[in-house]
Amino acid sequence: MEEKLKVGILGATGMVGQRFISLLENHPWFEVVTVAASPRSAGKTYEEAVGERWKMDTAMPEAVKNKIVLNVNEVEKVAATVDFVFSAVDMSKEEIRAIEEQYAKTETPVVSNNSAHRWTPDVPMVVPEINADHFEVIKDQKKRLGTKRGFIAVKPNCSIQSYAPCLAAWKEFGPKEVVATTYQAISGAGKTFKDWPEMVGNVIPFIGGEEEKSEQEPLRVLGKVENGVIVKAEFPKITCQCVRVPVLNGHTAAVFINFEKKPTKEQLIEKLVHFKGFPQEENLPSAPKQFIQYLEEENRPQVTQDVEFENGMGVSIGRLREDSMFDYKFIGLSHNTVRGAAGGAVLCAEALTAKGYIQKK
């Protein structure tokens, strides 16, 4: 790309906003030129606004430290500085829906990490390896919004990334029933152990809204575009429990699955390790070379050893074996703030750019 696209980050001071900033440092296609946050942060330098709340393992990039934080609510002012924005704002769902549409109507594409628009019928919710074809619904969304280049695209919830890719890889075998329990890291709540000391040595068997997302969002990802909207798949039927565990980064899933057909273990593993999609075919900058790895060791995947697979953009599967009640069971692991949040959104933006949906203003 001859000239980098100018990027704004909405909600830049929060944990996901910080992850966007760290991932986009030295990005070959995108340059962060604008950081926007709540009115209480506006007018400060980014370094001042974040203060002691920088939560990444790596240092704050020098390029953003002295950027003046804009008020995210001053939509026209922010939009005038950028080619597109990433959204990680911390507001109510109604407020998020409204402000993301306001940005889109300034002819500024919005790639969102938020859940507010995941069920808007003409907004694509995309894991780029699985359903990049869903971006075609954007043309219908633009008609509704009355825009030429402005639109909203979203990525799905972090909880589904450790098992939904398997369902796509195994599509030809007809997955029909799934029982999953996710063991979710505290960074998924925007926390560290310093912020949340009561999580040390603790398990909380409830995460608000996660079970509904974990059961329904894979079906939208696996669905299809019909008459200008996305129609979710009917199968597999999914039931899920979501548990918060004392881990900083990495969501683990224990999954049981029944199929229409009866594949062998070898067939299932072969489909996993060879599964790829648009990001691999186009060699997108953030794309993992290997989307899914299969680990033969009985005690893998593990957060400490596997969460950074492919720079946090890959998915690790292990312990695939026959079950006494279901056809098979397995363990999945994904990085919740990289593949599951900011990294997944960056990959969506790269795919949108490669397909021509995001261009310079």
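**Rings and cores: a quick chat**

Visitor: Where does the charged end of Lys237 sit?
Guide: In this predicted model, the charged end of Lys237 is over the ring of Phe235, 5.2 Å from its centre.

Visitor: And what about Arg220, which face does that one lie over?
Guide: Arg220 lies over the face of Trp119, at 5.8 Å from the ring centre.

Visitor: OK, rings with rings now. How many aromatic pairs are there?
Guide: The structure has 14 aromatic pairs. Take Tyr46 and Trp54: their ring centres are 6.5 Å apart and their planes are at 85 degrees, so this pair is edge-to-face.

Visitor: Are those two buried or exposed?
Guide: Tyr46 is buried, at 0% relative accessible area. Trp54 has 18% relative accessibility, and it counts as buried because the cut-off is under 20%.

Visitor: What do Phe173 and Phe259 tie together?
Guide: Phe173 is in the loop between helix 8 and strand 7, while Phe259 is in strand 11, so their pairing ties together parts 86 residues apart in sequence. The pair is edge-to-face, with ring centres 6.4 Å apart, and both residues are buried.

Visitor: Which residues form an aromatic cluster?
Guide: Phe20, Trp29, Phe30, Phe84 and Phe86 form one.

Visitor: Switching to the largest nonpolar core: which residues touch the most other members?
Guide: Tyr103, Trp170 and Phe330 do, out of 56 residues in that core. Helix 8 gives the most to this core, with five residues.

Visitor: What is Tyr103 in contact with?
Guide: Leaving aside neighbours within four places in sequence, the contacts of Tyr103 include Leu10, Val72, Glu74 and Val110. Apart from that core lies another one of 45 residues, among them Val32 and Phe135.

Terms used:
Residues are numbered from 1 along each chain as its sequence is written. This is a predicted model: local features need pLDDT of at least 70, side-chain atom pairs count only at pLDDT 80 or more; totals for chains, interfaces and linings use all residues. Side-chain values use heavy atoms; hydrogens and water are left out. A nonpolar core is a set of buried Ala, Val, Leu, Ile, Met, Phe, Trp, Tyr and Cys residues joined through side-chain atoms within 4.5 Å. Buried means under 20% relative accessible area, exposed over 50%, partly exposed in between (1.4 Å probe, protein chains only). Helices (H or I, at least four residues) and strands (E, at least two) are DSSP runs, numbered from the N terminus. Contact means heavy atoms within 4.5 Å. Rings of Phe, Tyr and Trp (its six-membered ring) pair if their centres lie within 6.5 Å; planes under 30 degrees apart count as stacked, over 60 as edge-to-face and the rest as tilted. A charge sits over a ring if NZ of Lys or CZ of Arg is within 6 Å of the ring centre and within 35 degrees of the ring normal.
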